[in-house]
Amino acid sequence: MVDSLALRHVETQPDTERREEARHRLLVLRRLRLGALPATGQEGLAPAVAALLDRAAETGTGPPEERIAALGEVIEVLRGDVAAQPLLAAALISRAAAASAAPGRIPAGLESALADAEEAMVLAANVYGPDHAVTRTAALDYAALLLDRQTGDPADNQDHSMRVYRQVVRSAVAAGSRDLADILQNWAAALVHHTRRGRTDNQGVALGLLHDALHVHQVLRPQDTVGALRIRVNLAAVLREQRSGNVLAATREAVGIYAGVLTDPRTAHLLTPTELAQPTANMVTAAYQLHTLAAEEMPVEEVLETARSAAALCLRLPEGHPVRIRSLSNIGGVLGHLCDHSDVEEPRNAPVADESLRLTGLAHAEACALLPLEHDERIRVGLNHYAGLLHLSPASRDSPDRVEAERLLRELLTAASAERLAGHRLVIAQNLGRLMCQEGRWADPVEAFETALAAVEWLHRDAVSHAARLAELSEAAALAGWMTVARLMLRDPSGAVDVLERSRARLLRQAGPPVHGAPAPRSGPPPGGRPVLYVGTGPLATWILLHRPDQEPSGFLLGLDAGRLRPAVTALRTARTRDGLKGALDALPNVLDEAVLHPVLLLLEQHAITDVDVVASGLLAGLPLHALPSRAAGGACWLDRATVRYVPSRGSTYDRCRATPRPAPARVLALAGPQPDLDCAAYEPGMIPPRLGEPYGEPPAGDRRAWLLRGLTEAHVVHLACHARWDPDDPLRSYVDLGAPHRILLADLFALRSPHLDLVVLSCCSTGVPTERLSDELLGFGTALLLSGARTVITSTWDLADLASSLAMSRFYTELDVGASPASALRTAQRWVARLQVADVERLVREAYEGVPGALLPAGLAAEAQQVLWAGDPPEYRPFAHPVYWAGYTLHTTVTADPYDLGSPATLGRGKAR
């Protein structure tokens, strides 16, 4: 920047004498690179000014405070000299950079730097014009400092910063600047480090900017290998930290970039040791993250070897260097986390833990000597050191290392700002609470967990997009498990219910602005409402809580934890064949019967409950709990005792986004996929009783997607019988396939407002599969449609068998036609399919062919059902008895009462003239 300013100044001089003076000034300006060039006297400058410049240059390698003070003296001398304005602009920029990069950044120091940058930006524009490179450099510094600012409204600061960045980019494009890639890269770096407003959303913007920077660099500066290398390293760093979208794919890409950079023989010659240390250390964290997401792709041995090599390189950096501190801390943190993995053999655990503590201890000691306690980097380093202390110490509360670990966490929690460092505050408080739980101090962790939950709530409010909100809510899913156990250990079931509600209902209550005339949020089930059953499995235990209307909740803990349950759940979610699904479903009761299935059956029987809402959390979310047989109860399942509805939260307030009264006539949108393998599903739209409403117009041949999105906002009943695909790596990219190329993404549904929807049936494959990483079942087609305003949604947990699912739908709509509620109708249909005998199928087929009035099956479906008869099984055989054929359907709804009941005769006919 300084060189560009000076060269431009030399070029603009009108005569030789003044050009010579400008060349002298060029040498002086280069001194402001703070030590990169030796300080020597210059002709044409007053001795006092030359001395001040020499001093400023000499402080380049010294403490930042000395550099800032020396530059301040230069600035004061130059302010009164009109001819020295270029030099003054450079000095202001240099002081702003020194102040903003100083280790002990405090609000006052950042405000001073911001003022310098703003003055330099105005001054440079007056001297060289608004589109000059120097003006753009000053503006970039100013925009970055706005994001770093610790005072004022974060939203206003960010909006102002974005305007400045966009202005700089426009200026660079207009000027044809070859520095455009650097500008985009600087913009991305500032966003990544800005955590006060929409941290997850900022990562997404930064990722796009770096991709653009790489493309621009390849076009404008194809020979600049070092520049391209730096952009790729920064791109990998953002990918490694991605918190939403396809995290696995992003981590793979980051590992690939780092591996390419570090194995390139040119890298060691192109990068300085400090520059090389950053991607080397980042490769360790990326490899560890890939190991946790896909262990088969990154074995633990490879992570360990990568960590050892990186540590050796980083230890050679000068003590106290920021890159050394950050790198050693991160490497030591990874080694500490590896001690928790079962694939690290016990004999190796001790040396790995020792090395973890050594590296994190070195980094922490150097950070404490250099940085103030409230600095975000010192807090990060402190968290890694805590992990090192914890892995080395025994479980005893009185262990010296464990006592030091708790002291350190409390110190960090005090230092972490509730708003500026909410993400750090969440991690610190959560770790503090876990530490106390592991020691059996159940009364102590409640306050820590409450602090962590408050941080999640702040981050959720701060997020901008649905994807970002879901990423923040993922932090609360595991947190709720710890808090629930702590509350129940204190015999506080009401507190446990409150914890679960607070950790789950935020997305639902903040999905969009309330509609005028909608009901106010309710804090609990209404008098006379249905009982609510909370079941969940977390890191420590399984909980069962029952909250009956007008009574205090009751609950208890059981010994099943997430570690024991996870293999069985993973087997179900990854099964790809019918036999694989059967095997996984058969194995689940072996794990769940004593801890979940049978205890709930006893509760239903004890309290004579025949209608219940279930809030399932953690690994239990999305499992067909209602249909799994309890061997302790002779093979009975929950559906044998009660009608089961799954609800995201007792305090769900979806009805706030629907206006009343609803318009008439009622309309029914029904669509079967055009795929040739959906032989039975093609008949499902014809099963819908006319009393449910008038048909919604047929889709245009050109765009089924637009037709369906519009229909979801206008129809009362929607039935889709088509293919769907659940993407566990990027759930918001999951879709319902309306026939190529028309698809409805899950992300599309989160953006809808559907105030009239009474019922949505997704008779599609895998529309109800949960994702453990993201907010358990809060992320899925069921929740997305409920958020849009739908009252009841039926989804599928796995790929449905075509014939069995269509048989279930035929009985479901028959029950609706005679006045049953959707939940009751689905229960009847599922139990009917499970008990259906070959003789029953033969009768149904015969009735359809003979045109018997009231025949259950349409003729086309009856023809498909004949395949059951061709198998040659005895008449009493039940071909669909196994849950794999009927248990995949789950019903999601809300607790709040509604003036309309879809199953009531008044509602069924409300759109028809009588």
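**Charge over a ring**

I started with arginine 743, whose charged end sits over the ring of tyrosine 735, 4.0 Å from the ring centre. For this, NZ of Lys or CZ of Arg has to be within 6 Å of the ring centre and within 35 degrees of the ring normal.

Ground rules before I go on: this is a predicted model, where local features need pLDDT of at least 70 and side-chain atom pairs count only at pLDDT 80 or more, while totals for chains, interfaces and linings use all residues. Residues are numbered from 1 along each chain as its sequence is written, and side-chain values use heavy atoms, with hydrogens and water left out.

**Aromatic pairs**

I looked up the aromatic pairs and got 5 in the structure. Rings of Phe, Tyr and Trp (its six-membered ring) pair if their centres lie within 6.5 Å; planes under 30 degrees apart are stacked, over 60 edge-to-face, and the rest tilted.

One of them is tyrosine 165 with tryptophan 187: the ring centres are 5.1 Å apart and the planes at 5°, so I noted this pair as stacked. Tyrosine 165 is in helix α8 (residues 154-175) and tryptophan 187 in helix α9 (residues 180-192), so the pair ties together parts 22 residues apart in sequence. Helices (H or I, at least four residues) and strands (E, at least two) are DSSP runs, numbered from the N terminus. Both tyrosine 165 and tryptophan 187 are buried. Buried means under 20% relative accessible area, exposed over 50%, and partly exposed in between, with a 1.4 Å probe and protein chains only.

Next I checked phenylalanine 449 and tryptophan 482, with ring centres 6.5 Å apart and planes at 45°, so this pair is tilted. Phenylalanine 449 belongs to helix α21 (residues 445-462) and tryptophan 482 to helix α22, so the contact ties together parts 33 residues apart in sequence. Phenylalanine 449 is buried at 1% relative accessibility, and tryptophan 482 is buried at 7%.

**Salt bridges**

How many salt bridges does a search of the whole structure find? I got 33. The cut-off is a side-chain nitrogen of Lys or Arg within 4 Å of a carboxyl oxygen of Asp or Glu.

Arginine 79 meets glutamate 76 at 3.6 Å, N to O, and arginine 79 is partly exposed at 38%. Aspartate 224 meets arginine 221 at 2.9 Å; the aspartate 224 side is partly exposed at 24%, whereas arginine 221 is buried at 14%.

Arginine 645 and aspartate 611 come to 2.2 Å, N to O. Arginine 645 is in strand β5 (residues 643-646) and aspartate 611 in strand β4 (residues 611-618), so this bridge ties together parts 34 residues apart in sequence. Arginine 645 is buried at 8%, and aspartate 611 is partly exposed at 26%. I also found a network in which salt bridges with shared partners join Arg402, Glu406, Arg410, Glu439, Arg441 and Asp444.

Is β2 enclosed or open to the outside? Of its 6 residues, 6 are buried, so β2 is largely enclosed by the rest of the structure. Thr542, Ile544 and Leu546 cover one side, and Trp543, Leu545 and His547 the other.

I then looked at the pairing, which takes at least two DSSP bridges between two strands. Strand β1 (residues 532-537) runs antiparallel to β2 over 6 bridges, with valine 532 opposite histidine 547. The two form a hairpin with 4 residues between them.

On to β3: β2 and β3 pair antiparallel over 5 bridges, and tryptophan 543 stands opposite leucine 557. This hairpin has 6 residues between its strands, and aspartate 550 in the turn has a positive phi of about 65°. Aspartate 550 is exposed at 64%.

**Another positive phi**

Arginine 491 has phi near 60°, positive in a residue other than glycine. I placed arginine 491 in the loop between α22 (466-489) and α23 (493-504), and it is exposed at 77%.
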